[in-house]
Amino acid sequence: MKILVTFCRIFVAALFLFSGFIKLNDPLGFSYKLQEYFGEGVLNLEFLIPYALLIAVFLVIFEIILGITLILGYLPKFTVWSLLLMIVFFTFLTFYSAYFNKVTDCGCFGDALPLTPWESFTKDLILLVLILMLFFGKKYITPIQPVSVHKWIVFASFTLCLGFAYYVLMHLPVFDFRAYKEGTDMLKGMEVPEGAPKAEFAYHWKFNVNGEEKIITTSGDYPKVEGEFINVETEELKEGYEPAIHDFAIEKNGKDYTVEFLKKEKLVMVIAYNLSKSEGEGFSAIKEITDKAKSQGYTVIGLTASGINDISHIRAKYDLDFYFFATDETALKTVIRSNPGIVKLKYGVIQQKLHWNDADKLSL
């Protein structure tokens with residue numbers, strides 16, 4: 001039993017440390033995932049959405065600290081109880097998400113290791129079994145000597161975690177696992193290889209025919225039915241090839257400018273997924289650097305999911321000498337963890353990504 005508990009102790013601690021650090025590297029990304037869970041269609045806890053970032057930072061630091069206390073054998077009763085309560089909650093959450101298809105990726109390992117809902121649930125189920133072994137065998141969790149330094153190790157770890165979280169929030173994640181990392185050719189990332197498998201769908205059309213509901217399934221064509229149309233449900237039968245970059249587009253007034261801009265030699269994109277939530281100081285810093293970029297021959301554009309009124313207000317308030325184009329909000333959140341942020345490209349290849357705090361570091 002002691003050998004089994006030791007194995008579980010090392011495995012669970014390593015997993016919590018790895019998972020915690022990956023999310024601590026990108027707490028803003030984890031907070032976006034929490035906002036999905038708090039949304040009306042999932043847990044219906046929308047009052048928590050404004051506190052998602054604070055909760056995200058607390059959870060990931062707590063996750064790391066639990067991994068450290070488990071390895072050290074410090075406060076074993078508190079540690080195993082905390083581990084058990086956390087894994088029971090997340091096992092329920094991932095099952096709920098998978099069964100009802102609510103959130104497609106739990107965010108357990110950030111963008112470093114995306115998991116499907118059922119993979120997330122399976123992972124949590126295995127962890128639950130291992131933590132239960134720790135719970136019932138906690139007498140075998142012996143502390144590493146010397147015990148007197150344990151509290152100082154925990155305190156130092158907490159301080160370092162807090163400092164690291166502050167750093168990545170004020171700048172950008174140190175490690176970028178997303179499809180938009182520096183060096184990425186966005187045009188190539190959007191390509192679909194010739195002969196790549198295409199998605200197949202079944203469309204279930206519901207009609208009211210002579211007072212009775214009737215469902216007719218087609219592969220896409222509208223069925224010829226003499227009756228009143230009620231609704232249609234789409235079922236994916238076969239997944240098609242999905243390029244790494246599949247939801248990014250630059251549009252204005254219904255026209256797509258994506259390829260036109262990405263083919264430019266000198267392009268600077270100012271990204272602000274939501275202008276009403278953007279930090280004012282950011283646009284003050286960006287105003288100075290974008291004016292400089294334009295004077296050196298760069299094409300400067302803004303990308304946002306906000307409406308025309310917000311765009312007009314921000315342009316006038318900060319005297320911005322560039323126009324904004326429309327892009328999907330989720331895509332913009334993925335491109336850069338800063339609102340606003342700066343991305344410099346050359347022929348579609350990402351050269352630099354900067355938080356607005358580092359706007360002056362833009363290499364021109």
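Colleague: Which backbone oxygen does the side chain of S338 reach?
Modeller: Happy to look. This is a predicted model, and in it the S338 side chain comes to 2.4 Å from a backbone oxygen. The residue that carries this oxygen is P340.

Colleague: Is S338 buried or exposed?
Modeller: Residues under 20% relative accessibility count as buried. S338 has 4%, so it falls in that class. Away from its sequence neighbours up to four places off, S338 touches L172, I271, H355 and W356. The answer for S338 is therefore buried.

Colleague: Thanks! Now to the strands: why is β7 largely enclosed by the rest of the structure?
Modeller: Strand β7 spans residues 299-304, which makes six residues to check. It is largely enclosed because the number of them that are buried is five.

Colleague: How many bridges join β6 to β7?
Modeller: Strand β6, residues 267-271, runs parallel to β7. One of the bridges pairs L267 with T299. The number of bridges joining β6 to β7 is five.

Colleague: And which residue in β8 is the bridge partner of G302?
Modeller: β7 also pairs with β8, residues 324-326, in the parallel sense over three bridges. The chain gets from β7 to β8 through helix α10, residues 308-318, and this β-α-β crossover is right-handed. In β8, the partner of G302 is F324.

Key:
Residues numbered from 1 in each chain as written. Predicted model: local features only at pLDDT ≥ 70, side-chain atom pairs only at ≥ 80, totals over all residues. Heavy atoms only, no water. Buried < 20%, exposed > 50% of the residue type's maximum accessible area, 1.4 Å probe, protein only. Polar contact = N/O pair within 3.5 Å; in protein donor to acceptor, adjacent residues only side chain to side chain. Contact = heavy atoms within 4.5 Å. Helix = DSSP H or I, 4+ residues; strand = E, 2+ residues; numbered from the N terminus. Pairing = 2+ DSSP bridges. Right-handed = clockwise from strand over helix to strand, strands pointing away.
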